[in-house]
Amino acid sequence: MDLGIVKRAGRKPVVIGFLTFLFPVTLNLIVAGILSGKREMDRVLLKSIWHVAIFQAVTSFHVIVCLLADLKLVNSELGQLAISSSMISGMCSWGLVIVTLFITELKHEPFWILLCPLSLIFLIFYVLRPLMVKMIAKTPEGKQVKEGYMLSIFIMVLGTAFLSEVLGHHVVFGATALGIAVPHGPPLGTALENKIESFVSSILLPSYFVLSVSRVDLFSIHSETVFVITVFGLTSFIGKVLGGMLPALFFKVPPVEAFSLGLLFDRQMYSMMVINMLFVSGTFTPVIKFLYDPSRHYKASNKRTIHHTCLNMEFRVLAGIYHQDSTPSMIRLLEISNPTAKTPMCCYIVHLVQLVGSLSPLFMYHEPGATAKLPTKDCGRIINAFRLYEQESNGNVIVNLFTSISPFASIHEEVCRLAVEKRTSVVIVPFHMQWRLHGIEDITEARAVNRHILAKAPCSVGILVDRDTLSASKHHFVYKIGIIFVHGRDDREALAYGLRMAKHAKVSLTVIHLIDPAEGAVQSLDMDLDDDIITEFKAACAGKNRHSYITEFVKDSVELITVIRSVQNSYDLILVGRHHRSFSPIFVGLTEWNEFPELGFLGDVLASSDSQCQVSVLVVQQQVYRAGDRMNSAKNLLEDSAETVEIIFESTQGWKDIEISRHRMQPR
């Protein structure tokens, strides 16, 4: 657990977390007082009614985080709020439980015996935790934790559990306290998770569930007990929903999200009882999934594309980095995007790191000159490289650096949300396979991330198949860029990016236009748009010998592949569109076998395992603009047309920052 969440929590999660603890506990205690005073009941039930009231009202941080992970909501705004709030609520809940047990045992045991668990906690946090911190300090950065250290921690687990039992408390007490004391994240938290996660998830946890359910005797349940437990369940449910909803509404959280937040805080209450836990798992989880869709927060309400970004205005790019080896090529790609004083570029660089060894995701902004501790060694190298690039750009580029440490199943939510907030025109991420001198490195989990970004990004998307040819060409006099243009909006987006690159003094751009003679007689709006951007390219590059336009006639997929193979190694970078008309004769056969569907037909030909291509490829997809988005666009037309770029100049350093100001202006 990252206990730092409590320190970093703002006002909103503190208020929500405290109220989701206070409301159900208060309601349950009131009901317990009423039931115990006015209703004749079984002596055992009457004796335990106060304990039942408190235990059903508690909230577990771990349960909520696991539920959010299952729903892939960890990176959503609701998920971040729920994680911070549940940490506060969970600490209050378990603090109340410990105090309750302490007071109960005080009636039967000497006072000094009750100090034993406090001494165990002191041992764990002031003796064992410092030992674990020393283990981390002695582990070289980037290296695995020694097996001896791992063995010693397993001995600590058994030892604290044994001491807890000897001192008269549950065996889980000592082990749980030790788990909280373990420093989260790499290298120790990561090593522990990698070592025992499969064993715990596949063997211990199912065994625990079977053992727990085997103790359930449905025939021993009396109607009186059912009534009391049901009443507590109902009041606790109401308390948790109100405790989550009311403060959320006060902080102007949308009602549906506020209700979803209340349902999230309700799960652990029912999890205390096996039967109700099955009901909750089968009911509330799909309800939350149905009510809350994080992607609707970044659905596009206007065009965010390279094609629709004026060449004489600021160009905003969000680039994702999985590994530091992608940094040189990404910097070269940004460099040839032609940032100048008149056409500045604002770059948002996000280092995407898989969350391992911790329950809490982290999203960090790296301020220039800050000396804060970096989460990984790669992160420091990436930051230094991009800061150096920013310094060498003579004020034409502003770089904002972030690190996102999250589960890869939902990390795309962070990327998409940042793209909306910063109004970027394109998101560029590396392909999951990366060619290096020692061979091909495959970051398998990144493939799903790229697919999610392609499906949900609020702007255009580029996938960079990096073969190091782009970064290696930095010493050449000219960057040779090739664009294979067939038809469609994605090809137009790729050519629009090429037009921006063509303005760079060290870029030589070649457009290879593949034409199917059979489609020449058919005219459509899509073809008219293709002709328009081709004409724009010819006009912009007229009289510039370093740029060229080549027409190739192809009538089937065989001729298409022949043309591609004849030019595939003639450039430092090749740009292609992702989507094309699959029914076109020139793509017949390519649609039947596709190794990498996320790259489209042409990208797959250039990146597949049997390809002889040895240069980098950028696959471009224009922003997915759905019918529902167009309705939102019409609704928000005045707001979208009121966006202007306000550039703040400084006399010595040129433009330094870009802010968006909203004021009245006429729509274009």
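Helices H15 and H16 cross in a right-handed way. In this predicted model, H15 covers residues 327-335, and its axis lies 10 Å from that of H16, at an angle of about 25°. Because angles under 35 degrees count as roughly parallel, H15 and H16 are roughly parallel to each other. To find where the two helices touch, look on H15 for Thr 327, Met 330, Ile 331, Leu 334 and Glu 335, and on H16 for Ile 382, Ala 385, Phe 386 and Tyr 389. What kinds of residues make up the contact of H15 with H16? There are 7 nonpolar residues, 1 polar and 1 charged.

Among the lining residues are Ile 349, His 351, His 366, Cys 379 and Phe 402. Ile 382, which you met in the contact of H15 with H16, also lines the largest cavity. Sorted by class, this lining has 7 nonpolar and 3 polar residues, with no charged ones.

Now move to helix H8, residues 147-166, and helix H9, residues 171-181. Their axes come within 6 Å and cross at roughly 140°, which makes H8 oblique to H9. The crossing of H8 and H9 is right-handed. From H8, the residues in contact include Ile 153, Met 156 and Val 157, while H9 brings Val 171, Phe 173, Gly 174, Ala 175 and Leu 178. The contact of H8 with H9 is made up of 8 nonpolar, 3 polar and 1 charged residues.

H8 has another partner, helix H10 (residues 188-214), with the two axes 11 Å apart and an angle of about 75° between them. H8 and H10 are therefore roughly perpendicular to each other. Glu 147, Met 150, Ile 153 and Phe 154 of H8 meet Leu 188, Ala 191, Leu 192, Lys 195 and Ile 196 of H10. Here the contact has 7 nonpolar and 2 charged residues, and no polar ones. Look again at Ile 153: this residue of H8 takes part in the contact with H9 and in the contact with H10.

Methods
Residues are numbered from 1 along each chain as its sequence is written. This is a predicted model: local features need pLDDT of at least 70, side-chain atom pairs count only at pLDDT 80 or more; totals for chains, interfaces and linings use all residues. Side-chain values use heavy atoms; hydrogens and water are left out. On a 1 Å grid over the protein atoms alone, a cavity is a set of points where a 1.4 Å probe fits but cannot get out, and a pocket is an open set with protein on both sides within 12 Å along at least five of seven lines; lining residues have an atom within 4 Å of a point. Ala, Val, Leu, Ile, Met, Phe, Trp, Tyr, Cys and Pro count as nonpolar, Asp, Glu, Lys and Arg as charged, and the others, Gly among them, as polar. Axes are lines fitted to C-alpha atoms, for helices over the stretch in contact, and angles run from 0 to 180 degrees between N-to-C directions. Helices (H or I, at least four residues) and strands (E, at least two) are DSSP runs, numbered from the N terminus. Angles under 35 degrees count as roughly parallel, over 145 as roughly antiparallel, 65 to 115 as roughly perpendicular and the rest as oblique. A crossing is left-handed if the near helix is turned anticlockwise from the far one by less than a right angle, and right-handed if clockwise. Contact means heavy atoms within 4.5 Å.
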